[in-house]
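Look over the sequence and the fold first.

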Amino acid sequence: MDQFDLIIIGTGQGGVPLASAFAKKDKKVAIIERYLFGGSCVNFGCTPTKTMVASARTAWRSNHASRWGVHTGEVTVDFSRVMERKQEQIDQGRNGVKKAMEDEGNIEPVAGHARFLSSDTVEVTLSDGGIRTLKAPKIVINTGTRGLIPDVQGLDSVPYLTASSLMELKEQPRHLIVFGGGFLALEFGQLFRRLGSKVSIVEQSQQVSDREDREIADLIQEALTEEGVDIYCNSKPEKVSHADGMFSVEVKREGKSIKLSGSHLLVATGRRPNTDDLGLEAAGVITDDHGHIKVSDKLETNVPGIYAIGDVKGGPAFTHVSYDDFRVVSANLLEGANKTIAERTVPYAVFTDPQLGRVGLSESQARENGMDYKVAKLPMSKNSRAVETGLTRGLMKVIIDPADDKIIGVAMLGDQGGEMMTALQIAMHGGVPYTDIRDMMIAHPLYCESFNNLFQQVKSPGED
């Protein structure tokens, strides 16, 4: 049995820096990975998808360059080069993670599948054969999630794609059918359409991006629809078959049956935690009804000494959340701090075009919570920088607490929406009232300059 100070199961965006932090304190660390070093962000999430989004946006701008008085001639997409560029970024990130761990003297990367034997011991079935038993007083679970596959007749017998297997495509889809209308579905749907594929999105909810205010979701859907993406909301896939290289999908929509036929099928209907084969029962670790590991505000499970970070614990599934989890655990265990995740504000961005940046409460959430609030809204067509760049689709929207004039929610849908959201997130973090931003001097002509005008539009709900 090999003894360590810390065992980390999974090499995602929280596990790797945590291993490094412990190693720098002369702690002996084992970090176990059964699949791909770097986790979802490096291998099939942020890094590769945003690389592909960049290629798709370049194709779109080239095809529409005449809008800016530029004539390019015929534009073609080299799909194999798009995928090669994506793979270069994956390899760089994956190899960088592995090398950083190998170069750190106190970290031992272990390739294999870990299962708990007890609350301080794990058994690893090694990828190259054999078994190792590892023991440590502290164990951190960072195993992430995988695609949640819906119960659709015939789906289990056809070669559908998930976010990870999509990264291995060798040929461009002629017609990509997507189950789901969330962030991944919308990003993939738009980028493949821009690369030249026909795309159909099937979403069961009344709107795409169902966590967003309806007016924001409608603008996103409008943008994709105008680019030629077919979107079927309030629609449920009921049956799937595959023959002669083609998928056939039966969809029930408002009582009527629709049939779709496509060359590829992507299932992007949510994620499920990788906890079902960790042997958590042997350690006594409790999960919720969906399999997410239950943790305290300090990210400790019900078993002292066992922690869970990142997507596996539930809640918002973003890379930056996992990294912030690392900071909480690291500070508490190595510095004797008392950090928690209670009441932290989680921002996120959706890399459609227009881009969505969101933090804090939406208007629908504020309304559902029975809160007193005010709203400031300004269409991107009133943003000088957007007009100058010719990218005027979108909406700036901010929720304000009238008791102290502080910002409690932001939705920035537009070119560089994530960057604009972050500027207001900083104001939220500093407790800056919206009136200060309204009256401050902001450089011209920046997107954020329109905050001056935005905050002149503060109104109560329903006020004209």
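## Strand pairing

Ile 31 has Pro 109 of β4 as its bridge partner. This model is predicted. Strand β3 covers residues 29–33, and strand β4 covers residues 107–118. The two pair in the parallel sense, over five bridges.

β4 also pairs with strand β5, residues 121–126. Here the sense is antiparallel, and there are six bridges. One of the residues involved is Phe 116, whose bridge partner in β5 is Val 122. The link from β4 to β5 is a hairpin through two residues.

## Nonpolar cores

The largest nonpolar core holds 42 residues. Val 178, Phe 188, Leu 191, Phe 192, Ile 201 and Leu 266 have the most contacts inside it. Helix α6 (residues 183–195) supplies the largest share of this core, seven residues.

What does Leu 191 touch beyond its neighbours within four places in sequence? Leu 191 is in contact with Thr 49, Met 52, Val 53 and Ala 56.

## Cysteines

How many disulfides does the structure hold? The count is zero. For Cys 41, the nearest cysteine sulfur is that of Cys 46, 3.1 Å away. A disulfide needs the sulfur atoms within 2.5 Å, so Cys 41 is in no disulfide.

Is Cys 41 buried or exposed? Its relative accessibility is 11%, so Cys 41 counts as buried. The cut-off for buried is under 20%.

Conventions:
Residues are numbered from 1 along each chain as its sequence is written. This is a predicted model: local features need pLDDT of at least 70, side-chain atom pairs count only at pLDDT 80 or more; totals for chains, interfaces and linings use all residues. Side-chain values use heavy atoms; hydrogens and water are left out. A nonpolar core is a set of buried Ala, Val, Leu, Ile, Met, Phe, Trp, Tyr and Cys residues joined through side-chain atoms within 4.5 Å. Buried means under 20% relative accessible area, exposed over 50%, partly exposed in between (1.4 Å probe, protein chains only). Helices (H or I, at least four residues) and strands (E, at least two) are DSSP runs, numbered from the N terminus. Contact means heavy atoms within 4.5 Å. Two strands pair if DSSP finds at least two bridges between them.
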